[in-house]
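Thank you all for coming. I would like to walk you slowly through one structure today, so please have a look at it before I go on.

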Amino acid sequence: MATGEESGHNTKLVCNENKTLLTIILVSATIGRVVVDGFLPGNGVYFVEFLEYFQQGQGKTSWINSVQYASTNLSGPFAGFLITKFGFRAVCIGGGSLAATAIGVTCFATSIEYIIITFGVSTGEY
């Protein structure tokens, strides 16, 4: 296996030139993970409100967070396919737009089933 110097590339020079860009990417990815990992467990705050507003049982209402966790974890292979086909930037922008739209549409929810689809499935795929 060829190293950077054997293949004619100076890897040390490339890393030094992109140090600022790599730092920005690292900080952005960390902030993104903090937001996403904080968003999912934080939905438990809405659980009590959903119970009171929609007058449904705890079992049916808990499907919102369950579906959101499932779609978050199961969307990995699909996201990987899209990243391979369209690139990281396009998929990230598309996923963020889908999640933002889904949260906005959820404001007009009239039933638990509606929230399960808009808030659970759509934001979970972000």
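**An aromatic cluster and a helix**

Let me begin with Y46, F50, Y53 and F54, which together form one aromatic cluster. Before the details, please keep in mind that this is a predicted model, in which local features need pLDDT of at least 70 and side-chain atom pairs count only at pLDDT 80 or more, while totals for chains, interfaces and linings use all residues. Residues are numbered from 1 along each chain as its sequence is written, and side-chain values use heavy atoms, with hydrogens and water left out.

Searching the whole structure gives three aromatic pairs, where rings of Phe, Tyr and Trp (its six-membered ring) pair if their centres lie within 6.5 Å, and planes under 30 degrees apart count as stacked, over 60 as edge-to-face and the rest as tilted. The rings of Y46 and F50 have centres 6.3 Å apart and planes at 35°, so this pair is tilted. Both sit in helix α3 (residues 44-54), four residues apart, and are therefore separated by about one helical turn; helices here are DSSP runs of H or I with at least four residues, numbered from the N terminus. F50 is buried at 16% relative accessibility, where buried means under 20% relative accessible area, exposed over 50%, and partly exposed in between, using a 1.4 Å probe and protein chains only.

For Y53 and F54, the ring centres lie 4.8 Å apart with the planes at 85°, so that pair is edge-to-face. Y53 is exposed, at 64%, whereas F54 is buried, at 14%.

Key. Helix = DSSP H or I, 4+ residues; strand = E, 2+ residues; numbered from the N terminus.
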